[in-house]
Amino acid sequence: MRMVHRLVGALAALAVTGAPALSAPATALVPVPPAASPSPVGSAPSSPSVSAPSVPASAAASEDLRPALLTAADLPDGFVPIAAATNDNGAVTLGGNFPGCPSLDPVTGDGTTAAAVTYSKGAVGPYLTHALVHFPTGGAATAMDRLAAAVTTCKSFSQELAGITVRFTLAPTEVPTTLGQSAFGVRMTGDTDFGIAVTADIVAVRRGEFVLWLNDMTVGTTPAGMVTTLAKAAADRCASRIKGC
């Protein structure tokens, strides 16, 4: 079980994170606490609590994207919030530390503003992350192009994550083309030698200079297609709550 928690934390870094996986920084959005403080093998880990990081004055003054995020009422029964973050200048990032796939390197940086929240139904998921990032002029299209390229440039690769050799495979998934100016979907699966896979279904949508990011991560099971179902609700909420989205 300890290795499962570590793999969950590592793969979750793809979703949205404020620092490398397992470091549990104040701005971390991914469900890292079980991996950072594992329970003894065979016992259930304690449930992580929602973090409430301080928001830099520049972020608070520039833009608050939190009203555009999905709430627990928008999700299937049983999901509860376990982490949240809101930062600017790249402190909340899309992408992760995957040397085997440069297209998945973080795409946010100076000038970006973001808000994100993660919900969970249990200690090992499923986890649902919803993030919204506002890019400087021209930045959203560039970010989307690079992230979408991962589906063709990184169909499979292996690397060490949290001391575990993980074999990743990426496959495209269908996403409605009417959600924004561009959209893509991908299923990313991490297989290990101990027989448990972690799978992330991801949908990204560009609306103007905003990128919506939904990630449904499961352990040992196949995601139920929740991100595709929720993508329209996320896009509609962004359009109604955030000017220019």
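How many aromatic pairs does the structure hold? The structure holds 3. Before going on, a reminder that this is a predicted model.

Let me take one of these pairs. Phe98 and Phe157 pair edge-to-face, with 6.4 Å from centre to centre and 85 degrees between the planes. The angle is over 60 degrees, so the pair counts as edge-to-face.

Where do the two residues sit? Phe98 is in the loop between β1 (80-88) and β2 (113-120), while Phe157 belongs to strand β4, residues 156-161. They are 59 residues apart, and the pair links distant parts of the chain.

Next, burial. Phe98 has a relative accessibility of 1%, so it counts as buried. Phe157 is also buried, because its relative accessible area is 9%; the cut-off for buried is under 20%.

Phe98, Phe157 and Phe168 are linked by ring pairs into a cluster.

In soluble globular proteins, nonpolar side chains tend to be buried together. Here, the largest nonpolar core has 31 residues, and Phe157 turns up again: together with Trp213, Phe157 has the most contacts inside this core. Which elements give two or more residues to this core? They are β2, β3 (127-134), α4 (139-153), β4, β5 (164-173), β6 (182-191), β7 (198-207) and β8 (210-219). Of these, α4 gives the most, with 6 residues.

Technical notes:
Residues numbered from 1 in each chain as written. Predicted model: local features only at pLDDT ≥ 70, side-chain atom pairs only at ≥ 80, totals over all residues. Heavy atoms only, no water. Phe/Tyr/Trp six-rings, centres within 6.5 Å; stacked < 30°, edge-to-face > 60°. Helix = DSSP H or I, 4+ residues; strand = E, 2+ residues; numbered from the N terminus. Buried < 20%, exposed > 50% of the residue type's maximum accessible area, 1.4 Å probe, protein only. Core = buried A, V, L, I, M, F, W, Y, C linked by side-chain atoms within 4.5 Å.
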